[in-house]
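I opened the structure today to look up its pockets, cavities, salt bridges and surface. My entries follow, in the order in which I made them.

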Amino acid sequence: MKDSKQEVSFMIWTGDSPPHVPVKELSTKLVISIIGNMTSTIRNFFPDLQVFPALGNHDYWPQDQLPVTTSEVYNAVADFWNPWLTDEAINTFRKDGVGLLFTGGFYTQLFESDDGFQPLRIISLNTNLYYSPNSVTVNITDPADQFAWLEGILETSSQKKEKVYIIGHVPIGYLPYARNTTAIREYYNERLVKIFRNYSSVIAGQFFGHTHRDSIMVLLDEEGKPVNSLFVAPAVTPVKSIWQMESNNPGVRFYQYDVLDYNLLDLWQFYLDLRDANKKNESNWKLEYILTKAYGIEDLKPESLYEMAKQLSVPHSMLFEQYYSNFIVSYDKSIVCEEGCKTCQICAIQYLDYSSYTDCINRDAIWR
């Protein structure tokens, strides 16, 4: 990234610094140390760059169990990220401010453009509070009052005519590789979909991680109109479950946005061929694709992504084959996604709520 010569405004870092290993191999002290080392590495490589981070489900010990109250990890991470964030953002993150009701590793902050255009509001959510394996938040209607806080921030942004980017680790919607499975608990997913629909005119983009794969989603309103673009970026670390054929190559990306309204225009996805790197004992990052050119669309606005999704849905679509290769970051061209695999992918792209997703799954024959 540093050598790309691209003019970069800010970085989004969607979390998960510690290794994905058994719980007994880590500790609170070790997790804090790893996040601190990663933060220092980013600051050393990009000393003048504004970074907006979010916590991942592995950025805690025990993993996944992120709490709804202030904690040793939240406080330590707030200190690490203090050079990037305002006092207000830090106080919200770890509940230091007098009278603050909200805590739990989330924050909001304005990004002020050097060009003098309208500022962009970043909302960094702690979606790990909604993650299915998080036993701390079971049966809590609004963990850490994050829903109430989010709606309040979005309502204020609407009144001020701000534009917003939502960032987080665990994405909303359905997992593209697991039928009928949301990444977060279903109730929380329905709640977030409703909030994002209500404020879709304010939200200019949503950015997540967690899956280690490369995927898009298009949020449709209740009438089926595309209203939001969502992106799940691939990770720089490969991951592979015992029941999966595929893994992923490491990936990083650039987004291009309109400086006037922050609408997303394009993205450049770069990847590292890990097999080749191991064979030659050197890393050679390459451009994998430019989204608009790869899929023949004009930009990354919801309407364009929806048209792309319809093209992917065509039976025997060559474009879908390219999409799936990109999904696993060019890991193995011989791996194909057909029948039930394709159904999961297509439905996850277009349908983020239970009702519409279930209808899509039940129509799966049309994607074959």
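This is a predicted model: local features need pLDDT of at least 70, side-chain atom pairs count only at pLDDT 80 or more; totals for chains, interfaces and linings use all residues.

**Pocket**

I sorted the lining of the second largest pocket by class and got seven nonpolar, eleven polar and three charged residues. Residues are numbered from 1 along each chain as its sequence is written, and side-chain values use heavy atoms, with hydrogens and water left out.

The second largest pocket holds about 460 Å³ of space. Of its 21 lining residues, Tyr 131, Tyr 177, His 210, Val 239 and Ser 241 are the closest to its centre. On a 1 Å grid over the protein atoms alone, a pocket is an open set of points with protein on both sides within 12 Å along at least five of seven lines; a cavity is a set where a 1.4 Å probe fits but cannot get out; lining residues have an atom within 4 Å of a point. Grid points are joined across faces, edges and corners, and a volume is the space filled by probe spheres set on the points.

**Cavities**

How many cavities of 30 Å³ or more are there in the whole structure? I found two. Helices (H or I, at least four residues) and strands (E, at least two) are DSSP runs, numbered from the N terminus.

**Salt bridges**

I counted seven salt bridges (a side-chain nitrogen of Lys or Arg within 4 Å of a carboxyl oxygen of Asp or Glu). Asp 353 pairs with Arg 197, with the closest N and O atoms 3.0 Å apart. This pair links distant parts of the chain, 156 residues apart: Asp 353 is in the loop between α10 and α11, and Arg 197 is in helix α5 (residues 186-198). Are Asp 353 and Arg 197 buried or exposed? Both are buried; buried means under 20% relative accessible area, exposed over 50%, partly exposed in between (1.4 Å probe, protein chains only).

Glu 307 forms a salt bridge with Lys 310, the closest N and O atoms being 3.0 Å apart. Glu 307 and Lys 310 are separated by about one helical turn, because they are three residues apart in helix α8 (residues 302-312). Glu 307 is partly exposed at 41% relative accessibility, and Lys 310 is partly exposed at 38%.

**Last entry**

I looked up Arg 363, which is in the segment after α11 (354-362). Arg 363 is 20 residues from Thr 343 in sequence and 8.8 Å from Thr 343 in space, C-alpha to C-alpha. With a relative accessibility of 34%, Arg 363 counts as partly exposed.

Conventions: Ala, Val, Leu, Ile, Met, Phe, Trp, Tyr, Cys and Pro count as nonpolar, Asp, Glu, Lys and Arg as charged, and the others, Gly among them, as polar.
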